[in-house]
Every structure is written in structure tokens, then in C-alpha cells.
Amino acid sequence: MEYTLEEKERFMRAALEEAEKSLAKHEIPIGCVIVKDGNIIGRGHNAREELNQAIMHAEIMAIQEANHFEGNWRLLDTTLFVTIEPCVMCSGAIGLARIPQVIYGAPNQKFGAAGSLYNVLRDTRLNHRVEVESGILEDDCAKIMQDFFRQRRAKQSGLKEKASQGTDL
């Protein structure tokens with residue numbers, strides 16, 4: 001599956017739109033789309049808090065939707081676009097779904113399993129390896145995460161400050 005830079009950016013923007021859905025729900029803003037034959041067949045965004053399920057990462061949600069669309073657990077001839085490098089769980093699911101190509105925006109230094117911390121997707125000991133590309137709209141993908149965590153830290157700091165002021169009275 002060959003994509004032009006323009007196509008890669010278009011699909012990554014669709015993944016960013018999914019990340020915005022997470023952000024609106026105060027979830028970690030990661031979004032994902034799965035593409036086959038130039039069409040999006042699966043969409044997902046983080047929904048762990050909303051659904052109270054630890055496994056509801058963007059990639060898992062998109063894989064489930066694409067499986068349903070295809071009527072098959074194998075997602076051959078597809079490309080997964082995700083805003084942030086997949087974690088170990090999601091990389092495992094990508095391999096199990098037989099997705100041949102992953103394109104992600106920004107690296108995940110703490111949980112990344114597509115080259116940053118681990119390299120699950122290209123591990124030759126596994127029976128399925130994935131072509132990986134990174135850096136598509138990297139700044140935009142990183143920024144939405146950085147802004148989210150900056151705002152969360154500021155909110156937590158403000159709550160701590162209010163709590164300490166209340167105990168001093």
C-alpha cells in the first residue's frame with residue numbers, strides 16, 4: 001500500500017479528529033483510523049474512562065470496527081494510522097489482526113512498542129511483522145498530547161493549592 005504524503009496527511013488528520021473526540025471526553029487524546037483501498041473502514045479514539053474498560057485504546061476500537069466492516073478478524077491489505085506510537089497491547093492486537101502497515105504521528109517514549117521502547121511490530125521472533133512509518137504530522141500529534149497533559153498538571157496543581165489553603169484556615 002503506497003500512499004502519497006498528501007494521502008498520509010489526510011488520513012492522519014482523520015485520526016487527529018478521533019483524538020479530538022477523546023479530548024472532548026477528558027480522555028488521553030489518541031485517535032486512529034484503518035484504511036483499505038483508500039477508504040476508512042475503522043475509527044477509534046481512547047475511551048477507557050468513558051467505557052470504564054482498560055483495553056479501550058484507539059487502536060482496539062478501530063480494529064473492532066474494521067473487523068465488523070470486513071466481516072473478518074484478518075485485516076489484510078489495510079493500513080492503520082494512529083496519532084501516537086502504539087503501546088504493547090495495541091501492537092499485539094495489530095499483529096494478531098494481521099495489519100501489514102502502521103503509520104503513526106509522534107513517538108511514545110514511555111509506552112511505545114513500535115520502536116521507541118519496544119519493537120513488537122518488527123520482532124522477527126513473531127510470525128507477523130508490520131511495516132512501520134512515523135513522523136506524519138508529528139508536531140500536531142505531539143501537541144494535542146502535550147497540551148492535554150499540561151492542562152491536566154495545571155488542574156491538579158490548582159486542586160492541591162486549594163486543598164492546602166483550606167487546611168490552613
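How many residues does helix 3 have, and what does it reach from its first C-alpha to its last? Helix 3 (residues 58-70) has 13 residues and reaches 18 Å, close to the 18 Å expected at 1.5 Å a residue. The expected span is 1.5 Å times one less than the number of residues. Helices (H or I, at least four residues) and strands (E, at least two) are DSSP runs, numbered from the N terminus.

The model is predicted: local features need pLDDT of at least 70, side-chain atom pairs count only at pLDDT 80 or more, and totals for chains, interfaces and linings use all residues. Residues are numbered from 1 along each chain as its sequence is written, and side-chain values use heavy atoms, with hydrogens and water left out.

The buried residues of helix 3 are Ala58, Glu59, Ile60, Met61, Ala62, Ile63, Ala66 and Asn67. Buried means under 20% relative accessible area, exposed over 50%, and partly exposed in between (1.4 Å probe, protein chains only). The cover over these residues includes strand 1 (31-36), strand 2 (39-45), strand 3 (79-84) and helix 4 (88-96). Just after helix 3, Gly71 takes a positive phi of about 65°.

The chain holds five helices and five strands. From the N terminus on, they run α-β-β-α-α-β-α-β-β-α. The radius of gyration is 17 Å, close to the 15 Å that the globule rule gives for 169 residues, so the chain is as compact as a globular protein of that length. This radius is taken over C-alpha atoms; the rule is 2.2 Å times the number of residues to the power 0.38. Of the 169 residues, 45% count as buried.

Technical notes:
Contact = heavy atoms within 4.5 Å.
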